[in-house]
Structures are given as structure tokens and as C-alpha cells.
Amino acid sequence: MKHRSGFVNILGNPNVGKSTLMNSLVGEKLSIITSKMQTTRHRIMGIVSGDDFQIVYSDTPGILNPKYLLQESMMKAVSGALSDADLVVYVTDVIESVNKNSDYLRKIIDAEAEKIIVINKIDLTSGEKLDKLYELWEGMVPGTQIVPISALNNFNVDNLLKLILSRLPEGPEYFPKDQLTDRHERFFITEIIREKILVHYQKEIPYSVEIEIESYKDEKSLTRIRAIIHVARESQKGIIIGHKGLMLKRVGSEARKDIEEFIGRKVFLELFVKVRKEWRDDTRSLKMFGY
Ligand code: GDP
Ligand code: MG
């Protein structure tokens, strides 16, 4: 029996649905999803294995022009994912223009890896408009397969999967067959907390926050977790905590529920806010946070 395997890296502009697609392909919520730009900061692997195949997906931060060091590191994750791909799944949607970020698209088209273009969010458009968009993409990337889907509704994702499988080279298993991701449990816990912050706060706040697990103890009847919410400025601390601590309490209780579901145990979650001045431009802080 031939064994196929490969690195299938999901690239595209912010907010087109890359993380939604990866979760749908993997069948697990590995990447956090919100309507805000730059929700995904790291490259996150999602591994799907069968008897005769292994697909190693990578979800990546959206393509952007870096304004601070954190974003530079995010773009390194994007470039890395371009260079080690067997297959690039370039995601666009029915909203963004075909020409958005065309320089970067060119880079992807010229890369050595095989490519598939995915037009996502087709639930938001009509058949007629989709036909036109499809034609525009055909003109942009002649000879490249184009697959319309709705990642949110799982529409046509099964066909995309078949196509991905058929394009994979013969290869070994890169990870144990029961492994789901390259990230540890703690990473996902920090992401759950960050997701609540992305959802509940406005403007710069979500982009100024990084989460650190200070301690994690499995006790008899529950898991006790202390997490620090790092902010970039003093003024952001009060905003995070909110009037009488209500905002932080809400974040804590929503995050706790999701973490309980994720690890399958009762959780006692304590959140603290600390100021780490301009950490997004501070090499040492970025290193500490894993960028
Ligand atoms: P990313 O930045 O490319 O990773 O995009 P996300 O996966 O975080 O999704 C961005 C937003 O688009 C979220 O609000 C998603 O719910 C939404 N979204 C993703 N896929 C679809 C889809 O197929 N249809 C619709 N209507 N919305 C979608
Ligand atoms: Mg994302």
C-alpha cells in the first residue's frame, strides 16, 4: 500500500476564513476564530491521519505589512509556511478583491509547491456573481485548480479534502498517527483566553494582549490554572479589568467553561493583568512569548 503524506499550508489575507477552514478539515477547533483581523498569531499545525495517508495542515497568520516586531514574527510564520509546503492552499473569499495583495499572491504562485486556490464564503454570494469571480481568478492564476467552498457551513470541504489527498506526494508519516497538533495543551488554553479578549474588547486592546500560563496544577477534583494577561500600556490594564472587575470576570468565566470542555476536567481559573511595556516591539518579550 502506498503511503501519501505532506505539508499542506493554508495561506491568505486576514479574515478570509483560513482558521475556519483548517478546523473544518481537521474536525477539531484548534485555531481560534473571530471576526477581527489578526486573530491568528502563530503557525498552528493540525494533523489528519489515515492508514495510508497523513496530512499536516498549517494554519497561518494572515498576510500583512508588519508595523511592529510582533507582526514581523507573524510574517516569518507566513514565509516559513510558503517555503516548506508540499501544497499551498491559498484562501480568498467572495468579499476581497482579486487584486488585494497581488504582490504576495505572485510570490505564492511562483513558489515551487503545488497550489490550490480556495474561494471561501460562497454562502454570501449568488451563483452568478460566483461564476464571474471564478473567471477572474482563472485569469489571475491560469492552470491552477480553484475550489469554491463555505468553510463555515462545511460546504464542498469534502471535495477539497479529496483534491488535497490526490495531490499529496508519496511519503512517510511525519508524526505519530494519533497526534492531532504540534502544540501543547497550554498553548490552546492561552488561545482560549485570548479569544475571549478578542471578542469582548475593542480597538487596540485585543492586539496588545498576550497570555502567559503562570501555573498549572492538576489537583484531585480540579485543575488550578493561574494565567497572566500581559498588556502593552498602563492605561490598558484598567480597561481589561473593567468597572468593579466585571469585564475580567466575564472573560474568566467564559474562558473557564471552554477550558473545562477542552481538557475534560473541572477548572479553577485565576486571571491577573500585568503591564509589560510595549512588549510587541521588545525582542526579549517576544522570545519569551514564543514568537
Ligand atoms: P482567518 O483570519 O483567515 O483565519 O479567518 P477566520 O477563520 O478567523 O474567519 C474570519 C471570519 O469569517 C469569522 O467571523 C468567520 O466566522 C467568518 N467565516 C469563515 N468562513 C466563512 C464562510 O464560509 N462563510 C461566512 N459567511 N463566514 C465565514
Ligand atoms: Mg486565522
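User: In this predicted model, which side chain has an N or O atom 2.6 Å from an oxygen atom of ligand 1?

Analyst: The model is predicted. A polar contact requires a pair of N or O atoms within 3.5 Å. An oxygen atom of ligand 1 and a side-chain N or O atom are 2.6 Å apart, and the side chain belongs to T20.

User: How much of the accessible area of ligand 1 does the protein cover?

Analyst: On its own, ligand 1 has 580 Å² of accessible area.

User: How many residues surround ligand 1, and which are the closest?

Analyst: The shell around ligand 1 holds 16 residues. By class, five are nonpolar, eight polar and three charged. The closest are N15, G17, K18, T20 and D123.

User: Which element gives the largest share of the shell around ligand 1?

Analyst: The largest share amounts to three residues. These come from an element spanning residues 18-26, which is helix 1.

User: Where does ligand 1 sit, and how much space lies there?

Analyst: Ligand 1 sits in the largest pocket. The space in the largest pocket is about 370 Å³.

User: Which residues lining the largest pocket are the closest to its centre?

Analyst: The largest pocket is lined by 26 residues. They divide into eight nonpolar, 13 polar and five charged, and helix 1 supplies the largest share, three residues. Closest to the centre are N15, G17, T20, I33 and T34.

User: What is the volume of the second largest pocket, and which residues lie nearest its centre?

Analyst: The second largest pocket has a volume of about 310 Å³. Its lining comprises 15 residues. Those nearest the centre are K29, L30, F188, I192 and F262.

User: Which elements give two or more residues to the lining of the second largest pocket, and which gives the largest share?

Analyst: Two or more lining residues come from each of helix 6 (185-200) and helix 8 (246-263). The largest share is four residues, and the element that provides it is helix 6.

User: How many charged residues are in the lining of the second largest pocket?

Analyst: By class, this lining has six nonpolar and two polar residues. The count of charged residues is seven.

User: How many cavities of 30 Å³ or more does the structure hold, and which residues line the largest cavity?

Analyst: The structure holds one cavity of 30 Å³ or more. The largest cavity has a volume of about 40 Å³, and its lining has four nonpolar, two polar and one charged residues. The lining residues are Q38, R41, Y68, L70, Q71, M74 and Y207.

Key. Residues are numbered from 1 along each chain as its sequence is written. Chains are lettered from A and ligands numbered from 1 in the order in which they are written. This is a predicted model: local features need pLDDT of at least 70, side-chain atom pairs count only at pLDDT 80 or more; totals for chains, interfaces and linings use all residues. Side-chain values use heavy atoms; hydrogens and water are left out. A residue is near a molecule or strand if one of its heavy atoms lies within 4 Å of it. A polar contact is a pair of N or O atoms within 3.5 Å; within protein, one must be able to donate a hydrogen and the other to accept it, and residues adjacent in sequence count only if both atoms are side-chain atoms. Accessible areas come from the Shrake-Rupley method with a 1.4 Å probe; for residues, only the protein chains shown count as cover. On a 1 Å grid over the protein atoms alone, a cavity is a set of points where a 1.4 Å probe fits but cannot get out, and a pocket is an open set with protein on both sides within 12 Å along at least five of seven lines; lining residues have an atom within 4 Å of a point. A molecule sits in a cavity or pocket if more than half of its atoms lie within 2 Å of its grid points. Ala, Val, Leu, Ile, Met, Phe, Trp, Tyr, Cys and Pro count as nonpolar, Asp, Glu, Lys and Arg as charged, and the others, Gly among them, as polar. Grid points are joined across faces, edges and corners, and a volume is the space filled by probe spheres set on the points.
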